[in-house]
Amino acid sequence: MSDIKILLKDVKKVFEMEDVDTYALRGVNLEIRAGEYVSISGPSGCGKSTLLSILGLLDTTSEGQYFIEGTDVTHLSIDEAAEIRNSKIGFIFQSFNLIDELSVFDNVALPLRYSTENFSADQITKRVNEGLEMVEMSHRAGHQPNQLSGGQQQRIAIARALVAEPAILLVDEPTGNLDSKSGDNVMAILADLNNKGTTICMVTHDPRYANMAKRQLKLFDGKIVMTEQPA
Amino acid sequence: MKSITYQHKQAWASLKKKPGFIVTILVTMGITLGALLCIATLNYLLLAKPLPYPDQNKLYVGQHLLQDPAKEVKARAYTYPGLVYMYQKQTSFSKSTIVSYEQGVVTSLNSQPTVDTSATTPEMFELMNIQMSKGRGFSETEGLNAYNPVAVLSYKGWLQYFDGRQDILEQKLTISGVSYRIIGVTSKSFTEPQLLKTGRETAVWLPWDYNQTSEAVRKYWGDVSSSLFFIGKLKDGEQLRMATQVLTDLVDVRWQQEGIATGWSIRIDLIQMKEVILGESKTMALLLLGGVLGLVLIAIANISNLFMSRTVEQQGSMSIHAALGAKKSDLFNAMFAETLQLMVMSVIIGLIIASAGFYVLQTYLIDVLPRANELSVNVFTLGVAVLVALLLAWFFAKLSANLINYRQLKKDLQGSGKGTGVQVSKTKRQWLIGSQVALATVLVIANLSLFNKAMETITTPKGFELAGISQLSISTATSMPINSAQSRAVMQEIIDSLASQPQVKKISQGKSPVSGYDIWAMKEISTNERLTPLGKRIDSNYFEMIGQPLVEGRNLTADDIKGGASVMVVNEAFAKSFNKGSPVLGMKVTRGSDSVIEVVGVVKGINLPNESDQTPRVYMPERISSYHLMIQFKNENLVFTRARIAQIVSNVDSRFNIFRYEDLKSLHTKLMFAEITAAVTTSSITLLVLFLAGVGLYGILSYNIQLRQVEIATRMAIGAKQKHLYSLVIKDSSASIGWGFVGSFVIFVVLFLGFGDAVSVYINIGLLSVVPLALGMIVLLALFACSWPLRRIIKRPVILSLQ
């Protein structure tokens, strides 16, 4: 089996305005292999968030093809896309996006509850506890998200993203709403995860954190203009 | 003053940018306030406004009650001599009058219209303070036994039948062969007390002596007529109870002297004229008001939601105002200027709709709603309109202002603008959903229940056929008495002439099943039991023509009719209720004379609107001189016109003319007018309620979903499918909807406990049959309101909702 997790072929994205079409992506080709840690950076408006949205099936392409683990996911129905997001993709957002009305435990368990695999209650408990342990937040399982600090919330979000064992972790400016200490902690967790084999694709405009990735992509005006691979 | 003008200019400028918002509010509030103003004015008229007669609270209508030995009331109608006797002998009233409500054909006019006439005494003009637009009313020269043939026209009658001609006085008017000299026209403003029937308006007033009661009945104390009325103004200081007793003694003693029925008695009840005119309409008016208030509350809930959403939308500009020094009261005043403008416009539309409502009520419900002819936009309507506009404007402004967290608003401008300065709390949103559901459920259940009742009457099998059958009533156009033998001969000739027409299938002499029955007092010979069934005279063709099957015994024969046999056919209800298990065939009764009438047959019952199917009915041979015919046509689409019938009748004898000619289908439909009106009204209100509730629930739930947009998108991002999201939203709303249902139950209980007597007809066990349907409708509506706004989020790229 091929170890290519993500494959984009000449992907374009056009936003149609009233009188003008705006190209956010102008033919992006990208391959991410298992175990890679890729960062995408570039100036504001270069298309990095759009690229991450397309990678996460949160938006669709205007042209081109998109494969996840060899499956063409370019044209999916709403529910098919949801199923792929649930089973293959884990998201970490800048603003954490935890659901206030749910406890920490339930927030982490949510992807398992939406899964087609019909996890038993015991399986869910086991997986959630493992996830919380991994981010050292087991002691907060019964808390509500608004009782936690920003750094703690982002750790919970990481646990939630990983609980369904996705093929790839998509991370959008993970430290954008955190102080530097919390940001460093979160980045350490991501590095650790990658070292243990998790494939990660992260959007950031902070060069310090972009450098922590094993491969850095620079996006400019909707195109990948540079790929850097630290020695 | 300058600042108020400035605020209103600003408010209008801001509103103009939101035409959809304006239209939604004007349509919702305009319609509902229109209904409110219309029904509120009706309630004022029926419940509070005095009758337009002097000393109206002293005016009483005397009711003549026929009681059996057990003092049970068997009839509420006067005997002719009893009424005249009471009028002449009473001492309890300072002034009294009697009136006989009738109809007559005006043969002196080319169109020969059938008009409503009232025969009365001169006191009517004084008691009702009838002002005249021309000439005079009746005076002593037109009193009892004066036999002065004069007539007074109503203003409407003058315009309708005489084209308002100015030289109307001293003109002649011929009714039933009597020529009357027209001496006056009542004023336009005079409103006649509608005692016999709501909506009936006298076109011609005649002196009492010229009422149509036959000479025989004028002397007979055994027959009663429901068209006879007594009106009196109670003397100052006279006690009502005392007057009732004195009148009862007066009439009963005289009636007993006639020996009509042993053990039976007469009682006189005095009812305030207003009560007689209004009848049961007060309850109807209050229920209408309740229904309309429900609609208004739903509309207010909807509009509250719109105003709250608008406030949320406006928080940016409010933050700027707050930062520039606007106080909370300034923000309230700005909102009040907007809400006031919108409510004033809504009320203006409401007044136009209310005027249209008055027209509809006066055109279509004049026979159902007492005093409907007095409905108009008056001081009361305008007062309510102004009050409602101010109150609602204040309420909506206050509601919106209460959403503003003034301190947070100022911070919003300095901060990230995440918008927490204005938010509708979760409790408030749930309360709005619950109250919408509760009100909508109450109104839908009540309307469906009334709709069911009306449809039950409309769709109940009649038990007889009426397609292709018309009712013809003939009258004489001469004052020369036509004796019975002459009448018989002419009627036979008319029947033969009609029967010989190729389009005609059959003729039956007698009134149709939908033309009404009389109450017949009878005595069963073996037990001396007094019976009061409904009676009708028919011929041998009657049952066959209308398809009413015989179940026992025999039909009336042509010989029975010809010989005027003392036999009768009864319906099953009569057989069941009066003969208590014994065979009814052969049962013998008398009717105020020595002649013994024998029951020879039993027919199946029929169902007429507003009458129980268990109503006992009897049928006796019609007199062959009867002026009433039923014509059955071979093809129901090829029936004769009135003109064609008139031609046939006048060809036989020009002294005879058409009094009434109408097909039975129309007559039957007219009988069901109240039910048809109820069915149309309740179904329309149900749809309106569902529409308003739908708009309201959609608004609130849409706002709910708008607030949860990021949460929903997050769930989508981590793999929630459509079913997960729909079930999430539905589950979240179901508690509020459930509480709404509980609330509706509580409203019903409160209504029942508070107004048990008035609403027991409407709130009873029968409601249960429509509850599942009503709840189903509301649940479907709520499901739609939940899912439609969610659909918008699901259908667009997730990233757009996450941003």
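Two residues are in contact if their C-beta atoms, placed from the backbone, lie within 7 Å. Keep that in mind as we look at this predicted model, in which local features need pLDDT of at least 70, side-chain atom pairs count only at pLDDT 80 or more, and totals for chains, interfaces and linings use all residues. Residues are numbered from 1 along each chain as its sequence is written, while chains are lettered from A and ligands numbered from 1 in the order in which they are written.

Let's start with chain B. Among its contacts between residues at least 6 apart in sequence, 82% join residues at least 24 apart. Of its 803 residues, 39% are buried (20 or more other C-beta atoms within 10 Å of a residue's own). Chain B has 26 helices and 24 strands, taken as DSSP runs numbered from the N terminus (helices: H or I, at least four residues; strands: E, at least two).

Now for two of those helices. The axes (lines fitted to C-alpha atoms over the stretch in contact, with angles from 0 to 180 degrees between N-to-C directions) come within 8 Å and cross at roughly 145°.

| Helix | Residues | Among its contact residues |
|---|---|---|
| α11(B) | 328-364 | B:Leu331, B:Phe332 and B:Met335 |
| α12(B) | 379-402 | B:Thr381, B:Ala385 and B:Val388 |

The residues of this contact divide into 19 nonpolar, four polar and no charged. Here Ala, Val, Leu, Ile, Met, Phe, Trp, Tyr, Cys and Pro count as nonpolar, Asp, Glu, Lys and Arg as charged, and the others, Gly among them, as polar.

Finally, where the chains meet, chain A gives 19 residues and chain B gives 16. On the side of chain A, α2(A) gives the most, with six residues.

Key
A residue is buried if 20 or more other C-beta atoms lie within 10 Å of its own, exposed if 12 or fewer, and partly exposed in between; C-beta atoms are placed from the backbone.
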